[in-house]
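Open the model in your viewer and follow the stops below. Each one says what to select and what is there.

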Amino acid sequence: MSDSMWQGSGVDLDAYLTRVGYEGDVAADLPTLRRLHIAHVDAIAFDNLDALLGRTEVPLDLDSVQRKIVRQGRGGWCLEQVVLMAAVLDRVGFAFTAFAGRTRIRTGNRFGPALHVALLVEADGERWLHDVSFGAHGLHEPIRFAQDARLDGGFSFDLVREPTGEHVLRFLRPEGPAELYGFTTDVRYPSDFELLNHFCLTHPRSPFNHRMVLQRTQPKVRHLLAGTVLTEIRPGEPATVRELGEAEALSAPGEIFGITLEPGDVQTLRKTLAGP
């Protein structure tokens, strides 16, 4: 166990592995890193619902994150999931650093705030971009951190480096590559997460505090729900988009994204979707 800033000694590893359906041994090696990544994104959705349910804060301490995601069956947004994943990797014995990226795919803006956080993990003598919380367009397993690295499969990705020095993770869609985010390797710490968390919850230009955003990455299909618009992405096919009715939108957290909500939360969400 570790007493590092990533709090590996405080994570309930058995409970986490049960939550994501991981079976077998864990070790600080590449096969474990891949299996943890795949299991996590399959089981745990991106979930911004606290911001819509009247919560005045989204705690990032490990105990709160574990209670919400591991024990209550919720998802979490990027910062919560990175706190949890970092603690798990720390407990297993991986060495890693965190970085922040500027999301491009939803905005087309290369110079927006660096709100997305992910990890660079050392395994088997190389560094790997390990990102479990980008959502429907994100990685399903780690990609080698190297110029022009590729991750091929039903969903394919690559990493390119721009003349500015920024690295860009791209989702290789049938209609052409989509830039997900740009980043440098400047190291970020848990204290930095608190500032980003406050922006996401409270800032009027935050993309996450005024409409429902749920995302899940599974092997055969990826789902993104923004408000009441559901996008489905399948390997080798154009994305499909449809508007959900109120009943479908209220059932989507559980039925599509595997999120467990309390009855009172469902009622609050109904009022939020209905508008003023």
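Start with the whole chain in cartoon view. This is a predicted model. Its secondary structure comes to eight helices and 13 strands. The radius of gyration is 18 Å, close to the 19 Å that the globule rule gives for 276 residues, so the chain is as compact as a globular protein of that length. Along the principal axes, the C-alpha atoms fill a box of roughly 55 × 45 × 35 Å. Of the 276 residues, 54% count as buried.

**Salt bridges**

The structure holds 18 salt bridges.

Select R71 and D12. They form a salt bridge, with the closest N and O atoms 3.7 Å apart. R71 lies in helix α4 and D12 in the segment before α1 (13-20), so the pair ties together parts that are 59 residues apart in sequence. R71 counts as exposed, at 52% relative accessibility. D12 is partly exposed, at 31%.

Next, select E80 and K68. Here the closest N and O atoms of the salt bridge are 2.8 Å apart. E80 sits in helix α5 (residues 78-92) and K68 in helix α4, 12 residues apart. Are these two residues buried or exposed? Both E80 and K68 are buried.

Now go to E162 and R110. Their salt bridge has its closest N and O atoms 3.1 Å apart. E162 is in the loop between β7 (156-161) and β8 (167-173), and R110 is in the loop between β2 (95-103) and β3 (116-123), so the bridge ties together parts 52 residues apart in sequence. E162 is buried, with a relative accessible area of 15%. R110 is partly exposed, at 37%.

**Surface patches**

Switch to a surface view. Select E57, D61, D63 and E194: they form a negative patch. D63 belongs to helix α4 (residues 62-71). D63 counts as exposed, at 52% relative accessibility.

Then select M5, V187 and Y189. Together they make a nonpolar surface patch with about 260 Å² of accessible area. Y189 lies in the loop between β9 (176-183) and α6 (190-202). At 39% relative accessibility, Y189 is partly exposed.

**Last stop**

Select Q147, in the loop between β5 (143-144) and β6 (150-151). Q147 is exposed, with a relative accessible area of 57%. Draw a C-alpha to C-alpha distance from Q147 to H198. The two are 33 Å apart in space and 51 residues apart in sequence.

Conventions:
Residues are numbered from 1 along each chain as its sequence is written. This is a predicted model: local features need pLDDT of at least 70, side-chain atom pairs count only at pLDDT 80 or more; totals for chains, interfaces and linings use all residues. Side-chain values use heavy atoms; hydrogens and water are left out. Patches are made of residues with over 30% relative accessible area and no salt bridge: like charges are joined within 9 Å, nonpolar side chains (Val, Leu, Ile, Met, Phe, Trp, Tyr) within 5 Å. Accessible areas come from the Shrake-Rupley method with a 1.4 Å probe; for residues, only the protein chains shown count as cover. A salt bridge is a side-chain nitrogen of Lys or Arg within 4 Å of a carboxyl oxygen of Asp or Glu. Lys and Arg count as positive and Asp and Glu as negative; His and the chain ends are not counted. The place of a charge is taken as NZ of Lys, CZ of Arg, CG of Asp or CD of Glu. Helices (H or I, at least four residues) and strands (E, at least two) are DSSP runs, numbered from the N terminus. Buried means under 20% relative accessible area, exposed over 50%, partly exposed in between (1.4 Å probe, protein chains only). The radius of gyration is taken over C-alpha atoms; the globule rule is 2.2 Å times the number of residues to the power 0.38.
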